[in-house]
Amino acid sequence: MKRTLFLQAPSFDGYDGGAGARYQMKREVKSFWYPTWLAQPAALVEGSRLIDAPAHDQSWDDIKHEVDDKELVVLHTSTPSFGQDVRTAGLIKERNLRTLIGMIGAKVAVQAEQSLLAAPAVDFVCRNEFDFTILDIAEGVPLADVEGISYRAEDGSIVHNRDRAVLEDMDSLPFVSPIYKRDLKIEKYFGGYLKHPYVSFYTGRGCKSRCTFCLWPQTVGGHNYRTRSIPHVVEEVKYVLREMPEVKEIFFDDDTLTDNAPRVEELARALGALGFGKPGFGVSWSCNAKANVKRSTLEILKANGLRLLLVGYESGNQQVLHNIKKGLLVPVARQFTKDCHDLGVVIHGTFILGLPGETLETIEETIRYAMEINPHTIQVSLAAPYPGTFLHAQARENGWFDDGNDLLTGGGNQIAQLSYPHLPAAVIFDKVEEFYKRFYFRPRKIGSIVGEMVRDFDMMKRRLREGVEFFDFLRRRKEAA
């Protein structure tokens with residue numbers, strides 16, 4: 001087995017762009033997702049090491065010695081971080097000429113040849129799912145015989161091997177939590193709406209929804225939702241409870257865990273049998289959800305320890321939702337939200353401004369909608385045309401952006417890339433700040449946050465820190481503009 005390093009390279013200060021983030025940027029408050037997509041192959045490769053430099057505030061000088069004895073280095077990259085990751089690959093090659101360097105991630109999955117041409121120090125890139133692809137390479141299989149890669153041949157030409165079959169047996173993948181425990185400091189990982197410390201992992205891959213902007217299903221995960229067995233998931237939960245007792249919340253990071261109602265109900269009951277939802281049990285669970293879960297299902301989830309749902313509302317305008325193929329009706333989302341409020345299920349709602357069909361009127365409609373349904377917390381993003389998505393192709397075809405890779409500023413803040421004749425990018429950019437201020441700076445919302453702080457001293461310290469970070473975020477956006 002090759003001595004292998006899995007690396008999320010140093011990047012912008014506070015940049016949450018790791019191999020677990022659905023979109024990459026410096027967040028409104030300190031936030032880092034676990035590098036799950038790196039941890040998974042790391043769990044397969046015996047003796048490997050995982051370094052997540054951004055979350056651990058590590059520079060190249062802090063980690064450079066780690067590459068000296070490595071025979072294989074696997075870098076996760078993304079469209080925003082690609083330039084920096086290419087530079088890191090060059091530094092690795094300069095320091096250890098013998099090491100084989102590969103890249104994984106949605107960026108190289110859909111732009112394999114272009115990425116290799118732009119990264120002379122990189123020997124191969126992986127297309128689509130790459131867990132067992134990396135295992136083959138670590139075990140010494142010649143690059144010419146490895147399915148699912150594009151690589152640089154000895155004569156400098158780029159060779160595209162045949163695709164690797166999509167993984168169907170999800171139970172064949174080992175747990176990622178032991179890799180977190182071995183190589184990461186879990187207290188470094190924050191989610192503004194999650195208890196701290198938390199752990200996140202997947203119980204399945206793929207998403208049947210067809211949202212035109214969503215990165216992972218259109219590039220790596222696919223639209224077929226492939227799942228681990230419930231006993232397999234429960235065993236990893238038991239591992240976390242046993243070996244990581246400081247964890248206060250487990251987040252199931254499937255794109256839409258609730259899409260399969262019978263399965264999520266079965267999972268919830270299995271978690272309930274472990275003690276989730278029982279008085280005195282100190283760990284809760286949360287997950288991604290579409291805003292269409294039936295009340296009967298929500299009742300089962302809540303009774304068995306569900307605390308929070310991360311819900312992609314995106315827009316309050318029905319035509320915009322149709323335009324992005326969200327498959328969601330606004331009245332259904334309203335009823336779902338009411339049911340969650342009634343049952344005590346907390347919601348972190350996400351919204352996107354600047355999607356196709358957006359106007360000043362639809363933005364206003366969405367802001368009013370968010371205030372009406374009143375999730376506990378929100379995240380407001382700018383529509384981002386990532387390569388490999390339908391939105392990217394649509395934007396190029398219609399001339400809505402210049403096809404650049406600069407989705408972020410040099411400081412890691414999101415840029416409004418899409419611009420329409422009736423709605424320029426600068427206006428869309430400014431509306432994000434207005435959205436946040438109108439949602440949070442209401443007596444009702446301020447009272448809710450203050451009440452939460454008064455009841456819990458740890459929450460008071462956390463919200464005060466996040467308040468400072470949020471106002472710094474607004475300041476940075478002004479500078480970016």
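Valine 454 sits in helix α17, residues 443-455 (helices are DSSP runs of H or I with at least four residues, strands are E runs of at least two, both numbered from the N terminus). This is a predicted model, where local features need pLDDT of at least 70 and side-chain atom pairs pLDDT 80 or more, while totals for chains, interfaces and linings use all residues. Residues are numbered from 1 along each chain as its sequence is written, and side-chain values use heavy atoms, with hydrogens and water left out.

Back to valine 454: it counts as exposed because its relative accessibility is 63%, and the cut-off for exposed is over 50% (buried is under 20%, partly exposed in between, with a 1.4 Å probe and protein chains only).

Now look at threonine 36, in helix α1, residues 36-44. Threonine 36 has a relative accessible area of 3%, so it is buried. Its side chain makes a polar contact of 3.0 Å with that of tyrosine 180 (a pair of N or O atoms within 3.5 Å; within protein, one must be able to donate a hydrogen and the other to accept it, and residues adjacent in sequence count only if both atoms are side-chain atoms).

Next, take helix α13, which runs over residues 330-343. Its buried residues are Val330, Ala333, Phe336, Thr337, Asp339 and Cys340. In general, an α-helix has 3.6 residues a turn, so residues three or four places apart point the same way. The cover over the buried residues of α13 includes helices α11, α12 and α14, along with strands β15 and β16.

Terms used. Expected span 1.5 Å × (residues − 1). Contact = heavy atoms within 4.5 Å.
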